Amino acid sequence: MGLDVSELEPVSRRSTAEIVADRIRTAIMRGTFAPGAQLGEVDLATRLGVSRGPLREAMQRLVAEGLLRSERHRGLFVRELGPDDVRDVYLARTAVERAAALQVLAGDRQLAVVALEIPLGAMESAAAAGDAVALADADHDFHAALVAASGSPRLRRMTEGLLVETRMCLAAFQQTAPPAAELLVEHQRLRDALRDGHTGLLLDRLAAHMDDAVIRILAAMPGAA
């Protein structure tokens with residue numbers, strides 16, 4: 001008797017270490033673990049309800065991603081981002097999102113616009129509620145959706161890491177965020193340029209959006225030129 005493959009359910013391939021890495025990554029991204037904070041194995045294992053083996057594997061993944069740094073005989077710490085890091089993160093983001101935008105413009109841009117409406121709606125709700133965390137989440141999701149719409153797995157993977165580093169910058173210097181209404185309008189204007197197929201306008205607005213973020217973050221960083 002043949003096997004009816006329609007009865008098969010997808011198998012979850014996510015390991016415990018991967019799940020733990022996701023949780024720590026989110027905590028770093030949202031500022032729960034501040035830049036420079038030391039992460040203790042025993043405390044984290046207890047809080048997450050996991051053994052130290054998967055936890056160590058997860059933390060090594062985050063070291064490889066550049067979110068944690070290891071100090072000999074001292075342990076693991078959340079990496080601190082300096083002015084050069086901020087410039088480099090946004091330089092890379094501009095390059096990746098510009099490439100993604102060009103791919104979207106050459107394809108089904110209306111489908112991409114539909115995908116962007118979800119995070120835009122979340123941004124609008126967060127702005128109205130004065131919820132800074134939800135606003136940052138929706139901002140993150142907007143840029144992730146833009147890159148995902150390009151159909152490029154590699155651009156998407158690069159963006160995932162860059163957006164986490166972006167959130168680390170913003171969590172450390174929360175006072176640099178523009179007013180919620182202004183941030184919403186910036187993203188709506190990006191959507192509009194994409195919807196209307198204005199390549200030059202979209203790329204200019206995207207570059208200006210990134211440049212403004214760098215200026216605001218550096219202005220709040222001690223010693224930044």
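**Notes on the predicted model**

1. Strands here are DSSP runs of E, at least two residues, numbered from the N terminus, and two strands pair if DSSP finds at least two bridges between them.

2. Before going on, a word on the basis: this is a predicted model, where local features need pLDDT of at least 70, side-chain atom pairs count only at pLDDT 80 or more, and totals for chains, interfaces and linings use all residues. Residues are numbered from 1 along each chain as its sequence is written, and side-chain values use heavy atoms, with hydrogens and water left out.

3. The open sheet has three strands in the order β1-β3-β2, with antiparallel pairing. β1 (38-39) and β2 (68-71) stand at the edges with a single partner strand each, so one side of each has no neighbour in the sheet.

4. UniProt lists residues 14-81 for "domain: HTH gntR-type" in an unreviewed entry; such annotations may be inferred rather than shown by experiment. Over residues 14-81 the chain is 51% helix (H or I runs of at least four residues) and 15% strand.

5. Which residues touch the most other members of the largest nonpolar core? They are Ile-24 and Leu-194, out of 59 residues. Such a core is a set of buried (under 20% relative accessible area, 1.4 Å probe, protein chains only) Ala, Val, Leu, Ile, Met, Phe, Trp, Tyr and Cys residues joined through side-chain atoms within 4.5 Å.

Conventions: Buried < 20%, exposed > 50% of the residue type's maximum accessible area, 1.4 Å probe, protein only.
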